[in-house]
Amino acid sequence: MMNKLTVGILSLVAATAQAQNTNNTLVLALNQQQGSSILENKTDSVSPQEAATLLSEKTAIIVDVREDDEWNQQHIPGAIHIPLGQLLGRLTELEQYKNSPIITQCQKGGRSQQALTVLKSLKFSKVYNLEGGIAAWNEAGLKTQ
């Protein structure tokens, strides 16, 4: 009788542990799902350091939407220069990057946010704004030419 009771208790303990394990797995899966939806709602911006890393790894391009005189004073090496007012007329230059990360950049972030909005509306899938523009890039001590 004692053995049956012990076996019954051990079976109950094992079943409880298994249920607890299953519950933990479900909680983990739900947390991961919530985490990815939080990321989807994250502001589409990158820091100067993140942008520099992506650019150096050749996993993203930077599109500088400032005017010619601003570009001529200084710009990020490797950036593509398309002033905001010319963006729609020069989309063919960016077509090859439609499904690749594109970082828009201006002086402080306002015009590049407008460029981001335009590109996203035209189904460019991975567009990010450089937080603080080239001003923040300079403050971070990153290279310009």
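**Fold and local geometry of the predicted chain**

Helix α2 is followed by K58, and the phi of K58 is positive, near 55 degrees. Helices (H or I, at least four residues) and strands (E, at least two) are DSSP runs, numbered from the N terminus. The structure is a predicted model, in which local features need pLDDT of at least 70, side-chain atom pairs count only at pLDDT 80 or more, and totals for chains, interfaces and linings use all residues. Residues are numbered from 1 along each chain as its sequence is written, and side-chain values use heavy atoms, with hydrogens and water left out.

K58 is not a glycine, yet its phi is positive. Most residues other than glycine have a negative phi. K58 sits in the loop between α2 and β2. K58 is exposed, with a relative accessible area of 72%; exposed means over 50% relative accessible area, buried under 20%, and partly exposed in between (1.4 Å probe, protein chains only). A positive phi of about 70 degrees occurs at K123, also not a glycine. K123 lies in the loop between α4 and β5. Its relative accessibility is 63%, so K123 counts as exposed.

The chain contains five helices and five strands. Along the sequence they follow the pattern α-β-α-β-α-β-β-α-β-α. The five strands form an open sheet with the order β1-β5-β4-β2-β3, and the pairing is parallel. β1 (45–46) and β3 (80–81) stand at the edges with a single partner strand each, so one side of each is left without a neighbour in the sheet. Two strands count as paired if DSSP finds at least two bridges between them.

The pairings can be followed across the sheet. β1 and β5 are joined in the parallel sense over two bridges. S45 has N129 in β5 as its bridge partner. Three bridges link β4 to β5, again in parallel. Here I103 stands opposite Y128 of β5. β2 and β4 run parallel and are joined by four bridges. D64 has H81 of β3 as its bridge partner.

Side chains of β2 point in two directions. I61 and V63 point one way, I62 and D64 the other, and all are buried. In a regular strand the side chains alternate between the two faces of the sheet.

Two crossovers were assigned a hand. A crossover is right-handed if, with the strands pointing away from the viewer, the path from the first strand over the helix to the second runs clockwise. β2, helix α3 (residues 68–73) and β3 make a right-handed β-α-β unit. β4, α4 and β5 make a right-handed unit as well. Helix α4 (residues 110–121) lies across β4 (102–105) and β5 (127–130), and runs at about 180 degrees to β5. Axes are lines fitted to C-alpha atoms, for helices over the stretch in contact, with angles from 0 to 180 degrees between N-to-C directions. Contact means heavy atoms within 4.5 Å.

Helix α4 holds S112. S112 is buried, with a relative accessible area of 0%. Neighbours within four places in sequence aside, S112 is in contact with V65, T104, Q105, C106 and N129.

Helix α2 (residues 48–56) has P48, A51, A52 and L55 as its buried residues. These cover an arc of only 100 degrees around the axis, which puts them on the same side of α2. The arc is that of the directions from the helix axis to the C-beta atoms. Elements covering the buried residues of α2 include β1, β2, β4, β5 and α5 (133–139).

Values for the whole chain complete the description. Buried residues make up 30% of the 145 residues. Among contacts between residues at least 6 apart in sequence, 66% join residues at least 24 apart. The accessible surface comes to about 9200 Å², and 56% of this belongs to carbon and sulfur atoms. Accessible areas come from the Shrake-Rupley method with a 1.4 Å probe; for residues, only the protein chains shown count as cover.
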